[in-house]
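I opened my notebook to look over a structure with its sequence beside it.

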Amino acid sequence: MDDFLAARSQMALSLGFHIIYACIGMVMPFFMAVSHYKWLKTNNEVYKHITKAWSKGVAIFFATGAVSGTMLSFELGLLWPKFMEHAGPIFGMPFSLEGTAFFIEAIALGFFLYGWDKLNKWFHWFTGVVVGVSGLASGILVVAANAWMNSPAGFEYVNGQYTNIDPIKAMFNDAWFTQALHMCLAAFTATGFAVAGVHALMILKKQHTDFHYKSFKIAAAFATVAALLQPISGDISAKDVAQRQPAKLAAMEALYKTEKPAPLLIGGIVDEKNKSVSKAIEIPGALSFLAHGDFKAEVKGLDQIPENEHPPVAITHYAFQIMVGLGTIMMVISVTYFIVLWRRKTVLNSKWLLKLFVFAIPLGYIALEAGWTVTEVGRQPWIIYGIMRTRDAVTPMPGIAWSFYLFSAIYFSLSLIVIFLLYRQIKMVPVLYQSSNTDSWNK
Amino acid sequence: MEQVVIIFLCLAILLYFLLGGADFGAGIIELFTSKKNRSKTRNTMYQAIGPVWEANHMWLIIAIVILFVGFPLIYTTMSVHLHIPLAIMLIGIIARGTAFVFRHYDAVKDNMQGVYNKVFVYSSFITPLFLGIIAGSVLSGQIDLNANNFADAYIFSWLNWFSISVGLFTTALCGFLAAIYLIGECKTEEDKKRFIKKAEYMNIAAVVFGAMVFFSAAMEKVPLMNWVVYNKVGLTAVSLASLSLVLLWYLLLKGKTKILRLLAGFQVTMILVAISYAHFPNFIRLKGGEVISLYTTIGPDKTIQSLGWALVLGSLLILPFLGYLFYKFQQKEE
């Protein structure tokens, strides 16, 4: 494997791994805060058990997310030193704020996990909310840094020199809001569907139904609302990308030729050599509408972009299709959920719907990974869009392939262990959370 | 603002050494505890560091963010030439953090616990060893920007006696800090005695490896003597560290615990001051006598301004909250 490809693969692997844990750390605290609130308000022990059960999952995910995030802060330099040398002072602002947010999250988590029966109950609840808020803030800040790579701002680039640096302008670049919004909703959708699905599975198995149904309802509420809002955010993002990064949009839709009006392609097989797409369903004018809000607008194709600035089209296109497809499925499930809830007041008797939720367990995360693939692969060959090429940023050290294999093995085994631990946590629910006043756990 | 940023950088490194170090040390102590006492040690340790360990490791993040935002050339030079020890350290951090949490949150306590324990104790040893090696390499003068073969550029930059001695010295200090910290967290006299013994061993190890640092410095022409003997501040710091060593042994044998912590923290701080004061503001010593200094590589003005403000405001939020965390979860003596 060539070193450059190895470096890119290792970065993709690390980000792809971290993103899942980061999302869970961002979102689960809000679920816990709801059930915790219900426990404090209703004194129904089941809610306390749910909060505790979830908090153990969060502890596992947070620790994994924290170490993989630490890894990333070094990896930026280990793999892309030339990039960091120039970009560090420009896009560093969100990272310095994120340091604070992450720190506060870690402190609050310490209070939350170890504070049962030791703290004032509302202060304890509040620390849980702080975990969520600071986690979400961390996520938004890191996405703002990524947005800068897509939409560089806050400096002038003259004769290869980066001058007139303004880190605040760099942080509030044109892409930060659309990207952060899309990411936050994605985090809620993905985590919500995964959690709701797991509890739906347990309901179907008729285990501890009360516990699992109460959990299901909290997770499903977040998941479905987010999934319904996501298409709106997606639309804003698409229009934004069309303006700022026409090459990325063209790759997403495999639009080789500039067209007016441009059709939307659904599916299809990309032939990168012959620059064509076959077997796609075409919706006339739809891409023009999505990109520019006008069915007759012209959409820039890859033919207007120099060949050496083309992103890999097939990967970007397929990833985009996967993201949109799965997003649509989750949206449909959400609509169905609300209809059933409205007509029957409960979904407990609608086995088919619970089965749909079980089916949707991985969908959100797959969509999330696909979405990041679109963002990152679609930006290639640039690491700083239009300014620095990824190839020019890579470390001079040879042998990165070995590092890639090693870290692949580490992340792969970590994932297995985390799944194994979750399986055990879920399996032990009936033993650990018998509804009674004796609470032997965690003492 | 330059000064503010540099002070925060020093503070983050110092606090990571003290708090993160004590945290690593807890694992090192576990590694060197006889089988029959291990579960007791583990319990004391879990009670003591469980709530605070995540926060203790945040100082590393703060330090690294300050470096890559404010001093990118230092960050990238280290990333390129110390890639291998950094990667090993990262593996250690990953393994340690996850093993610590996994062993507590595995709902079924079976022989997987043995696996988590092994991973935890060995990575607790390897991580500070390599942190020390990295710190040593920065000072060693073996980083060669013009090296034209793999070994010179990426291996011998850190694989030398000085760096390894600093690594071992760091590891021993971590163990020592942890033992001192844990003495104050013990609930029984018996546990206390055990940790006092550990603190003594770790202290002896630190003195031995400390001597090794001086020998290897002389061997590999690191001007350590100039920094700690022929510089007034360096000499004062090193004398204070030695004095506190005597006092520390006295208090240790007397079994006074709470003040020990302060003294151990003070001692380690003095050691860091001694090593870095005369060297400041130089950060990396390169092969051939050149240096990379904090002042010459500092980022553009606006960046430093905003970084400084972010750090000041951030610390106003972090420090009281963190202080309360430590206060709330400290073990009450029964």
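My entries follow, chain by chain and then across the two chains.

**Ground rules.** I am reading a predicted model, where local features need pLDDT of at least 70, side-chain atom pairs count only at pLDDT 80 or more, and totals for chains, interfaces and linings use all residues. Residues are numbered from 1 along each chain as its sequence is written, while chains are lettered from A and ligands numbered from 1 in the order in which they are written.

**Chain B overall.** I looked up the secondary structure of chain B and found 14 helices and two strands. Helices (H or I, at least four residues) and strands (E, at least two) are DSSP runs, numbered from the N terminus. The radius of gyration of chain B is 20 Å, close to the 20 Å from the globule rule for 334 residues, so chain B is as compact as a globular protein of that length. That radius is taken over C-alpha atoms, and the rule is 2.2 Å times the number of residues to the power 0.38. I noted that 54% of the 334 residues of chain B count as buried. Buried takes 20 or more other C-beta atoms within 10 Å of a residue's own, exposed takes 12 or fewer, and partly exposed is in between, with C-beta atoms placed from the backbone.

**One covered helix.** Next I checked α8(B), residues 161-183. In α8(B), 22 of its 23 residues are buried.

**A helix pair in chain A.** How far apart are the axes of α6 and α12 of chain A? They are 7 Å apart, at an angle of about 150°. Axes are lines fitted to C-alpha atoms, for helices over the stretch in contact, and angles run from 0 to 180 degrees between N-to-C directions. α6(A) and α12(A) are therefore roughly antiparallel, a label for angles over 145 degrees.

**Where the chains meet.** I found 51 residues of chain A in contact with 51 residues of chain B. Contact means that C-beta atoms, placed from the backbone, lie within 7 Å. On the chain A side, α3(A) gives the most, with 21 residues.

Most residues other than glycine have a negative phi, and most peptide bonds are trans. I marked a cis bond between Gln380(A) and Pro381(A), with omega about 5°. Another cis bond runs from Phe280(B) to Pro281(B), with omega near 0°. Lys345(A) is not a glycine, yet its phi is positive, about 70°. Is Lys345(A) buried or exposed? Lys345(A) has 9 C-beta neighbours inside 10 Å, so it counts as exposed.

Conventions:
Angles under 35 degrees count as roughly parallel, over 145 as roughly antiparallel, 65 to 115 as roughly perpendicular and the rest as oblique. Two residues are in contact if their C-beta atoms, placed from the backbone, lie within 7 Å. The expected span of a helix is 1.5 Å times one less than its number of residues.
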